[in-house]
Amino acid sequence: MTRVLRWDVLVGALLVAVFAAGSLGVPGFATTGNLSFALGDLGEIALIALAMTLLVVAAEVDLSVASVLGLSSALVGALWDGGMAIETIIPLVVLVGAVCGLVNGLLVTRLGLPSLAVTIGTLALYRGLAYVVLGDKAVAQFPPAYTALAVDDVPGTPVPYPVALFVLLAVVTGVVLHATGFGRALYAIGAQEQAAFFAGIRVKRIKLLLFTLSGTVAAFAGVVFTLRYGSARADNGLGVELAVIAAVLLGGVDFDGGKGTLGGVIAGVLLIGLLRNLLMLGDVSTEIQSIVTGLLLIVSVLTPRLVSVVRPALKGTP
Amino acid sequence: MSAHPTLALAGVSKSFGAVRALRDVSIELHAGEAHALAGENGAGKSTLVKTLAGVHRPDQGRILLDGEPVVFTGPADAQQAGVAVIYQEPTLFPDLSVAENIVMGRQPRRSLGRIDRAAMRAAARELFGRLGVDLDPGRPTRGLSIADQQLVEIAKALSRDARVLVMDEPTAALSGAEAARLFSVVEALREHGCAVLFISHRLDEIFALCQRVTTLRDGQWIASELVAGLTHDDLVRRMVGRDLGALYPKQDAAVGDVALKVERLTREGVFTDVSFEVRRGEIVALAGLVGAGRSEVARAIFGIDRWDAGTVTVDGRELPPGSPTAAMGAGLALVPEDRRQQGLVMEMSIERNIGLTGLRSLRRGATISRRAERDRAADWAARLRLKFARLGDGVGVLSGGNQQKVVLAKWLATEPSVLIVDEPTRGIDVGTKAEVHRLLSELAGQGIAVLMISSDLPEVLGMADRVLVMREGRLSAEIPRAEATEESVMNAATRRAA
């Protein structure tokens, strides 16, 4: 079955079209400075999307990622305010993120609860903890050497460090998902969990690992976010989970699991990033940006369904 | 018999891509006649049924209704013309009552558009009366046995004045008594002038129920003839195109060491105190009624469910409870009862399904070797004589028998020392069934210990060296091959506890 119109290819083409349209129609878009900024601005979403892709392929989801990001940011602020060294804070906070993910995973695998419900719960819980930790205040004045790492480009390139890290992790994730037995197991779990279990695949252990990974990555993204803005706040990253899931679904990963490619997700992430950047350049308010993200999410879920309904209907009529 | 058949296909062909599912097939369904459709899996029976039901439109040829050509543009057209199809798994609304299901979409009305429940129940009762069955029209459909649900479907068809009743493997999930009741209903319908098309893998049923039989092989029409002059062997020969020889060719094999030892295994409320051994080279059958706990024992042994007490030992190594991964590592393999949910990932390709049990052994460095995966699949596909177009095709396009071969392939590729097969030939055509039997016999000959769960008594008697019988969660008998008969097994399976 060689389908030219593969969804992930389609999204890639759309990405190119949006880029071309932006270059022609929006002044200041196609400059190295702006694109470098746009990429950097995308860093956290892109990082979290990698772990989210693995989860959604296995037919699970983690909606608590933005709250873990916020909790991580709040912890960085509180601990820094308390005089702890940043070299100690970062691993500690990432560890807390791993525990947050582990809790999600235990609730899903040990108690058999649906991840959608569990992570809506922990979405509220972790964000609440972030406010407990830091309250309404903002902590700033992080060491310049570290904030620079979150903002500066890799010498000689227009690529910010977090984006370079993303590229590295994306390659690793791509190999894991598409070329290893672990990746194969994820697709099997997502498509037909019982059959995967009957084939000796350790379904629960793998899911637990994925949730823990998701929490870890989200906490790390929280560190990057905090340093990039130079500001630790409990409400950092509010709503980021929607952008991440929109990017993953837009990239062609089926919410029901078992389908999708990492290439598609990367195209989806970039597409969302470009659109946000274009809207920002066009001075469109954040409310409208949020509306666009929401619409994209619906369109990306709806379109494949429409196609699957329309295609046979077109074929069926003589 | 009227001059024209009620419904007929004349020279119908239908292709799906490169696959020619039907080639120049004709069949005539007459009023008052039960007509059997015989053929192996993949012979084109389902395509023929779907053509009659208006789901598929023929590429060539015609559909004739009372001798007049008609075109069914969809299932609604076919229903309008009086064609009703009863599928193996009925599709009723579980939360509605039996009567509501029967009149669905055509409820009798009272004033102000209110549904007339009394009239609805009366209509349902009258229909059941005509069918000679006793079902409460007011009860909810949820909880009805599959057999009863089929009767509801038939009543629904009757209420729409169906003149042609197509039954696609209606007895596959029924007990003997339920099937007998279904047959008496079919007899009644036939006497009322209905034309019946009956599909079943159980040839005995064709001989018991039908007057005429049409045989398909590889999409081609082979014969339409009266059942009266045929023998069982004649029919099998038409279906497979050759003589089958012995259907159950278990060869005597050298019996070796104990490979699987189960001691006092108990899962509370499911099965109790089950102990047995299977030696290398042996095929041991686990017989019993549906619900006696056979599949549950197999699931526990393989680690799908936990056990509460007892031990399972494979080649001298004791297994931990509740771990399929550990069971696999110890040399166990389970070909499960439910192919589509448990045996296969339907969305994955043939080669990936076969590779799924070898995610470790197919590794070259950190990644899976696609070449090794393909070689493994190709090797086993050839050994099991799998019929397929490409190994990269989705396993869902294969016929049931070939899907079962893929499940066997994926487990045999792990080189198990103990193979558990749960209903290995259910829903599989005669030819493939014989192949599976030959394969199991060969595997035993190679020193594998085989534990076979089967509800097919001739299969149990033909294949097993020993028959273990379960009743109500306990082992009730162990019968050696020489003493195993239908009577001795059924007695042990049904005898009331003293």
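Student: Why is B:Val489 called buried?

Tutor: In this predicted model, B:Val489 has 23 other C-beta atoms within 10 Å. A residue is buried if 20 or more other C-beta atoms lie within 10 Å of its own, exposed if 12 or fewer, and partly exposed in between, with C-beta atoms placed from the backbone. B:Val489 is therefore buried.

Student: Which conventions apply to the numbering and to the predicted model?

Tutor: Residues are numbered from 1 along each chain as its sequence is written, while chains are lettered from A and ligands numbered from 1 in the order in which they are written. In this predicted model, local features need pLDDT of at least 70 and side-chain atom pairs count only at pLDDT 80 or more, whereas totals for chains, interfaces and linings use all residues.

Student: Where is B:Val489 found, and what does it touch?

Tutor: B:Val489 is in helix α17 (residues 486-494) of chain B; helices (H or I, at least four residues) and strands (E, at least two) are DSSP runs, numbered from the N terminus. Leaving out residues up to four places away in sequence, B:Val489 touches B:Ala287, B:Leu457, B:Val460, B:Val467, B:Val469, B:Ile479 and B:Ala484. Contact requires that the C-beta atoms of two residues, placed from the backbone, lie within 7 Å. B:Ala309, 180 residues from B:Val489 in sequence, has its C-alpha 27 Å from that of B:Val489.

Student: What makes chain B as compact as a globular protein of its length?

Tutor: Chain B has 17 helices and 22 strands. Its radius of gyration is 25 Å, close to the 23 Å that the globule rule gives for 498 residues, so chain B is as compact as a globular protein of that length. The radius is taken over C-alpha atoms, and the rule is 2.2 Å times the number of residues to the power 0.38. Of the 498 residues of chain B, 46% count as buried.

Student: How is chain B divided into domains?

Tutor: The assignment, which is automatic or from a database, gives domain 1 (7-240) and domain 2 (258-494). The centres of the two domains, over C-alpha atoms, are 33 Å apart. Eight residues from domain 1 of chain B and nine residues from domain 2 of chain B make up the contact.

Student: What is known of residues 163-187 of chain A?

Tutor: UniProt, in an unreviewed entry, lists residues 163-187 among the stretches of chain A under "transmembrane region". UniProt positions follow the numbering used here, feature names are shortened, and annotations may be inferred rather than shown by experiment. In the model, residues 163-187 are 96% helix and 0% strand, with end C-alpha atoms 27 Å apart. Residues 208-230 of chain A, also in that UniProt list, are 96% helix and 0% strand, with end C-alpha atoms 33 Å apart.

Student: What makes up the side of chain A that touches chain B?

Tutor: 18 residues of chain A are in contact with 23 residues of chain B. α7 (161-179), α8 (181-191) and α9 (193-198) of chain A each supply at least two residues of that side. The residues of that side of chain A divide into 10 nonpolar, six polar and two charged. Here Ala, Val, Leu, Ile, Met, Phe, Trp, Tyr, Cys and Pro count as nonpolar, Asp, Glu, Lys and Arg as charged, and the others, Gly among them, as polar.
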